[in-house]
Amino acid sequence: MDIFAPFGWFATWLAAALGIVPGTRLWDAATFFVADTLKIFLLLAVIIFAVSWLRTYLPPERIRKLLAHQHKYVANVLAALLGVFTPFCTCSAIPLFLGFVEAGVPLGATFSFLVASPMVNEVALVLLLSLFGWRIALLYITTGLVIAVLSGILIGALRLEHLVAGFVKKAEVIDAAALPELTHKDRLDYAKAYTIDILKKVWLYVLLGVGAGAWIHGYVPVDFLARYAGADKWYAVPFAVLIGIPLYSNAAGVIPLVSALTEKGVAMGTTLAFMMAVTALSLPEFMILKKVMKTRLLLIFAGIVGAGIILTGFLFNAIL
Amino acid sequence: MKAMKLQVLGSGCPSCKRLYEMTKQAAADLGLDADVEYVTDIQQILAMGLMSSPVLAVDGKPVIVGFVPGSVDKVKELLKAIPPVGR
């Protein structure tokens, strides 16, 4: 049973009440827009609340402790998994990076975390689930984690510690016993405040994205884009990754948009690669990280992750 | 009596500034004898053993880590709960 069916009924009722004629393009676009917006906002509210509540039990300070003395491959896998639960905003990129490296978390594991944290997060998950279904959502998460783990292992193996800015390593290992105690009410308050905060940040992008998606859904002919971005066009994947890099802050709007493009003939692997590039490779994040690492390390990092994403795109275009 | 030392530490992002404004408001509302300071030196956050921003620290001890509370009242509650020992 589809628990979201009532949204579809509501959308149909609303469109009919507004006097839109069933079966027209406007009808398609309008019902799609209403049903999808409601579904996405409900899912966003519920899932962000749950994840941010869980997160109060696993702040980055504790994650660092877990990662500091692990076997290196275990640390990469753990770092990628923990990255899923940690919100990643560009303003916390530096304290996170420095905090990890200074506490002796291996550089490779730190990068696994840095890749997974923005790429595999609850907002992306909700949008993928509601617009593409659980199979694609699962595929995205799994490949995202694999890319995070492998890029981290590769960066670790390259021994690039000397490319981290000089002031990073001199600080001594610090104990994180200083965290304030949280009551149950504190945790719920935090989850509520965080959920409202994120919704405030993304609602407009979601509306714009779903709106554009709805328009495409209703008005652009099916397979219109297959000519330019179908699975047989090798350049589609690298091109999608390149335009994904500067689009970071609009991830919430980009996913609804690409879901509509997929419907019109863009190959699934290309779509996945595009979404990954939007979330994992972010220009503003690079600018900030440049303060703590040499440009060469940043380029190696972006190159490895970018290559991983492009390979993933090709792979899924070939097999899906 | 020494003035209470309130520090908001952050990387200069909008949410850090919001917490700074809320803290000033809370201190003023409670009539606290407090210095409110805005610190953007990341190393000071790390020196407290923390990695998330923003942080609200009272006399060097963190009371809020990594998020902005939903309202000024929450900040007031926290400030009221600080025991006046050693001041």
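1. Start with a loop in chain B. Asp59(B) sits between β3 (55–58) and β4 (61–65) of chain B. Its phi is near 50 degrees, a positive value in a residue other than glycine. Asp59(B) counts as partly exposed, at 38% relative accessibility. Bear in mind throughout that this is a predicted model.

2. Arg159(A) belongs to the loop between α8 (134–157) and α9 of chain A. Arg159(A) is exposed, with a relative accessible area of 63%. That value is over the 50% needed for the label.

3. Now the interface. Chain A puts 23 residues into the contact, and chain B puts in 22 residues. The area buried between the two chains is about 1800 Å². Carbon and sulfur atoms give 63% of that area.

4. Charge pairing across the interface comes next. There are 2 salt bridges between chain A and chain B. One of the pairs between these chains is Asp186(A) with Lys74(B). Their closest N and O atoms are 2.7 Å apart.

5. Which elements of chain A each supply at least two residues of the side that touches chain B? They are α3 (60–68), α5 (93–102) and α9 (184–219) of chain A. The largest share comes from α5(A), with 7 residues. By type, the residues on this side of chain A divide into 15 nonpolar, 1 polar and 7 charged.

6. Over all chains, the whole structure holds 8 salt bridges. A pair within chain A joins Glu122(A) to Arg55(A), with the closest N and O atoms 3.4 Å apart. Glu122(A) lies in helix α7 (residues 122–132) and Arg55(A) in helix α2 (residues 25–55) of chain A, so the pair ties together parts that are 67 residues apart in sequence. Both residues are buried.

7. A second pair within chain A has its two partners in one helix. Lys185(A) forms a salt bridge with Asp189(A), and the closest N and O atoms are 3.0 Å apart. The two are 4 residues apart in helix α9 of chain A, so about one helical turn separates them. Lys185(A) is exposed, with a relative accessible area of 52%. Asp189(A) is partly exposed, at 26%.

8. Chain B has its own cross-helix pair. Lys76(B) forms a salt bridge with Asp29(B), the closest N and O atoms being 3.3 Å apart. Lys76(B) is in helix α3 (residues 72–81) and Asp29(B) in helix α1 (residues 14–30) of chain B, so this bridge ties together parts 47 residues apart in sequence.

9. Asp29(B) is partly exposed, at 42%. The pair also belongs to a network of salt bridges that links Asp29(B), Asp73(B) and Lys76(B).

Note on methods. Residues numbered from 1 in each chain as written. Chains lettered and ligands numbered in written order. Predicted model: local features only at pLDDT ≥ 70, side-chain atom pairs only at ≥ 80, totals over all residues. Heavy atoms only, no water. Contact = heavy atoms within 4.5 Å. Buried area = accessible area lost by both parts, 1.4 Å probe. Salt bridge = Lys/Arg side-chain N within 4 Å of Asp/Glu carboxyl O. Nonpolar A, V, L, I, M, F, W, Y, C, P; charged D, E, K, R; others polar. Buried < 20%, exposed > 50% of the residue type's maximum accessible area, 1.4 Å probe, protein only.
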